[in-house]
Amino acid sequence: MDRTSPVPLYFQLSQQLEAAIETGVLTPGSLLGNEIELAARLGLSRPTVRQAIQCLVDKGLLVRRRGVGTQVVHSQVRRPLELTSLYDDLEAAGQRPATLVLANRIEPASARVAAALGVPEGSDVRYVERLRCAHDEPMARLRNHLPAGLLDLDGEVLRATGLYRLLRGAGITLHSARQTVGARAATEAEAELLGERPGAPLLTMERTTYDDTGRAVEFGAHVYRASRYSFDFQLLVRP
């Protein structure tokens, strides 16, 4: 800890603990010990340690459990805005992805889906809805529409891997996407599904993905727990 820095000691400690969680030094389930022990070990006051821990509790990285102590819950997944799937991003971050398939059927395309996929309204499209989890915790609800006949999808294969891997495995070259990111409050149904409280903040993403011929191959409308997930942007200055 740098006691000569203008940065408050509680913030320095919270940043160091957050870095340890994100790099896996502190793994999910690890116990930090109580505030008195931490303060004595680090040579800090108890209020400083309490404030640092509260910062990470508010971020959803730590939880206080009665009779157990302060415990690491998970690291937040930071997803770069690239043409990758959530499954691949979770796996790359060591988050042990798992999938619950909520729907997998052929249905008529709504006007919105038809416009995104470039197919006639009312024509058959495949609808897939999944709950993506990491470390046995819900992370996101994923809703995807694909042109009918594009890909043979059964429940077992959808549980085992990501949609983009399946598309690539079928010989489809993913080239580009149009994507919109937003935020809103969770409905009661979404809150129950994702393990949040009603009204909790959710991140939203809509994406239409195209192959190397310019054909739309997938339209996704997803919601993510803001407490567990963020998007990273890289901004470039025009010359």
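This is a predicted model: local features need pLDDT of at least 70, side-chain atom pairs count only at pLDDT 80 or more; totals for chains, interfaces and linings use all residues.
**Glu 107**
- Glu 107 belongs to strand S4, which spans residues 97-108.
- With a relative accessible area of 18%, Glu 107 is buried, because the limit for that class is under 20%.
- The side chain of Arg 105 also makes a polar contact with the side chain of Glu 107, at 3.0 Å.
- Beyond four places in sequence, the contacts of Glu 107 are Ser 123, Asp 124, Val 125, Tyr 127 and His 145.

**Nonpolar cores**
- The largest nonpolar core comprises 16 residues, and Ile 21, Leu 26, Val 49 and Leu 62 have the most contacts inside it.
- Helix H1 (9-22), helix H2 (35-42) and helix H3 (46-58) each give two or more residues to this core.
- Another core, of 13 residues, lies apart from it and includes Val 128, Ile 172, Leu 174 and Val 217.
- Leaving out residues up to four places away in sequence, Leu 62 touches Ile 21, Leu 32, Ile 53, Leu 56, Val 57, Thr 70, Gln 71, Val 72 and Val 73.

**Aromatic pairing**
- The whole structure contains 1 aromatic pair.
- The ring centres of Tyr 10 and Phe 11 are 6.4 Å apart and the ring planes meet at 80°, so this pair is edge-to-face.
- Tyr 10 is partly exposed, at 23% relative accessibility.
- Phe 11 is likewise partly exposed, at 36%.

Terms used: Residues are numbered from 1 along each chain as its sequence is written. Side-chain values use heavy atoms; hydrogens and water are left out. Rings of Phe, Tyr and Trp (its six-membered ring) pair if their centres lie within 6.5 Å; planes under 30 degrees apart count as stacked, over 60 as edge-to-face and the rest as tilted. Buried means under 20% relative accessible area, exposed over 50%, partly exposed in between (1.4 Å probe, protein chains only). A nonpolar core is a set of buried Ala, Val, Leu, Ile, Met, Phe, Trp, Tyr and Cys residues joined through side-chain atoms within 4.5 Å. Helices (H or I, at least four residues) and strands (E, at least two) are DSSP runs, numbered from the N terminus. Contact means heavy atoms within 4.5 Å. A polar contact is a pair of N or O atoms within 3.5 Å; within protein, one must be able to donate a hydrogen and the other to accept it, and residues adjacent in sequence count only if both atoms are side-chain atoms.
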